[in-house]
Amino acid sequence: MDLSVAIAHVRHSIGAYPSVAPGQTADERVAEIINHAGRQLYSRPWRFREQAITLDTTATLRVVALPDAFDELVTLTRTVDGKPLEMGTVEDLDQLADALGGTNVSGYLARASVAWTGGSPQLLIWPTPTTSETGVLRMRYRKSWTSVTGEDVGDNTGTISLPAYAEQVFIAYLRAFAVGYEDEGMTARLAEVEAGPILQTTLMKDGIQNRDVGRLKPQRGGTFRRGRVRA
């Protein structure tokens, strides 16, 4: 979706530029509405948010840097044998390091935990690598929403990365936030989107919700009956 389309929906839904807070420009306010709508959309575990990468380890370091766009971990496996790592808390891994120490052999990591430091995500691993290796871990993760700035709105260029089937529900969130901030009816408008057919159709299209096929008919036992075939 072009960013200009999202900007147009914000303005069209209220018939003008939205109200601004003290010290805030109109472009910054439009960007804020777009980002709130995007983060609301990204609050669900959409399949289109998933990315796959391999991670490198550094000798003697217990942490592995994660992508800036990292938001949620989906799976984490060793590339050496395809086995999943056991996930634990940061406290669990600290206790293992303190009590057992230990170093890994040729990429055979055993446990991991996502730790946030200074607002940035890191992967804490155990045992500690003895050597630096590339592509030790294969990770699938959900990416976070990419924020739009007031400068982006002012330029009126750029794109918002969404599959075509998700654009309609994103627009619904855009309009709900834009109008909701003006008339203080945010809760009701968001609830309407959450319970409406646009979101349900998008959930089924994405594959995180199955279509309701109604009541299943009972099978006729005679049709599937097995018996001995007599000569």
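How many bridges join β5 to strand β6?

Seven bridges join β5 to β6 (residues 120-126), and the two strands run antiparallel. This is a predicted model, in which local features need pLDDT of at least 70 and side-chain atom pairs count only at pLDDT 80 or more, while totals for chains, interfaces and linings use all residues. Residues are numbered from 1 along each chain as its sequence is written, and side-chain values use heavy atoms, with hydrogens and water left out. Strands (E, at least two residues) and helices (H or I, at least four) are DSSP runs numbered from the N terminus; two strands pair if DSSP finds at least two bridges between them.

Within this antiparallel pair, S113 stands opposite L124 in β6. The hairpin of β5 and β6 has two residues between the strands, and G118 there takes a positive phi near 60°. Strand β5 (residues 111-117) also pairs with β4 (residues 86-87), in the parallel sense over two bridges; A112 in β5 is the bridge partner of M87.

## Helix α1

Helix α1 (residues 3-14) has twelve residues and reaches 18 Å from its first C-alpha to its last, close to the expected 16 Å, a span defined as 1.5 Å times one less than the number of residues. Its buried residues (under 20% relative accessible area, 1.4 Å probe, protein chains only) are L3, A6, I7, V10 and S13. Seen down the axis of α1, these residues fall within an arc of 135°, so they line one face of the helix; the arc is that of the directions from the helix axis to the C-beta atoms.

Note on methods
Buried < 20%, exposed > 50% of the residue type's maximum accessible area, 1.4 Å probe, protein only.
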